[in-house]
Amino acid sequence: MFKVGSLSDVYQERSIESGAINKVVTRFPPEPNGFLHIGHSKAIAINFGFAQHRAGDCFLRFDDTNPKGEEEQYFDAIEEMVKWLGFEPKRVTYSSDNFDRLYALAEALVEKRKAYVCHCTSQSHPNHCNNV
């Protein structure tokens, strides 16, 4: 599956053999706000499978950015599904692990005038974006 096609082409651009990288590392980043569907199984197979094919690692990184919709049962079900499909994550991580660091980086960008905070309401946002 990974010997030909677009993933093979991308890999050849920066392969281990060329010295461009030391190891293939991928990640599967589901949002734990529902049960997985068939499209997720394809993403799991590609992310974990490509890493496995190249003797690399794949991280299961939960995109836990919406606490209102997240429940423990979804975290558990996702981990079970990955294992049921025959894969073992190198490590399980969470987007929220990085929130403090990302917030500090965002503040630094604002201070350097490389970013700004938009205070538009949800009603005025589409109009504002079209006029910028």
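Which residues does L85 touch, not counting residues up to four places away in sequence? They are S41 and I44, where a contact means heavy atoms within 4.5 Å.

## About the model

This is a predicted model, in which local features need pLDDT of at least 70 and side-chain atom pairs count only at pLDDT 80 or more, while totals for chains, interfaces and linings use all residues. Residues are numbered from 1 along each chain as its sequence is written, and side-chain values use heavy atoms, with hydrogens and water left out.

## The overall layout

Let us start with the whole chain. It holds five helices and three strands, and from the N terminus on they follow the order α-β-α-β-α-β-α-α. These elements are DSSP runs numbered from the N terminus: helices are H or I with at least four residues, and strands are E with at least two.

The C-alpha trace spans about 50 × 40 × 30 Å along its principal axes. The radius of gyration of the chain is 19 Å, whereas a compact globule of 132 residues would have one near 14 Å; this radius is taken over C-alpha atoms, and the globule rule is 2.2 Å times the number of residues to the power 0.38. Buried residues make up 27% of the 132 residues. Here buried means under 20% relative accessible area, exposed over 50%, and partly exposed in between, using a 1.4 Å probe and protein chains only.

## The nonpolar core

The largest nonpolar core has 12 residues: F28, L36, I44, F48, A51, C58, L60, F62, F75, I78, V82 and F87. Helix α2 (38-53), strand β2 (57-62) and helix α3 each supply at least two residues of this core. Such a core is a set of buried Ala, Val, Leu, Ile, Met, Phe, Trp, Tyr and Cys residues joined through side-chain atoms within 4.5 Å.

One member to look at is L60. Leaving aside neighbours within four places in sequence, L60 is in contact with F28, P30, F48, I78, E79, P89, R91, V92 and T93.

## Two residues up close

T93 sits in strand β3 (residues 92-94). T93 counts as buried because its relative accessibility is 16%. Beyond its neighbours within four places in sequence, T93 is in contact with F59, L60, R61 and F62.

Now back to L85, which lies in the loop between α3 (72-84) and β3. With a relative accessible area of 30%, L85 is partly exposed. L85 and F48 are 37 residues apart in sequence, and their C-alpha atoms are 9.8 Å apart in space.
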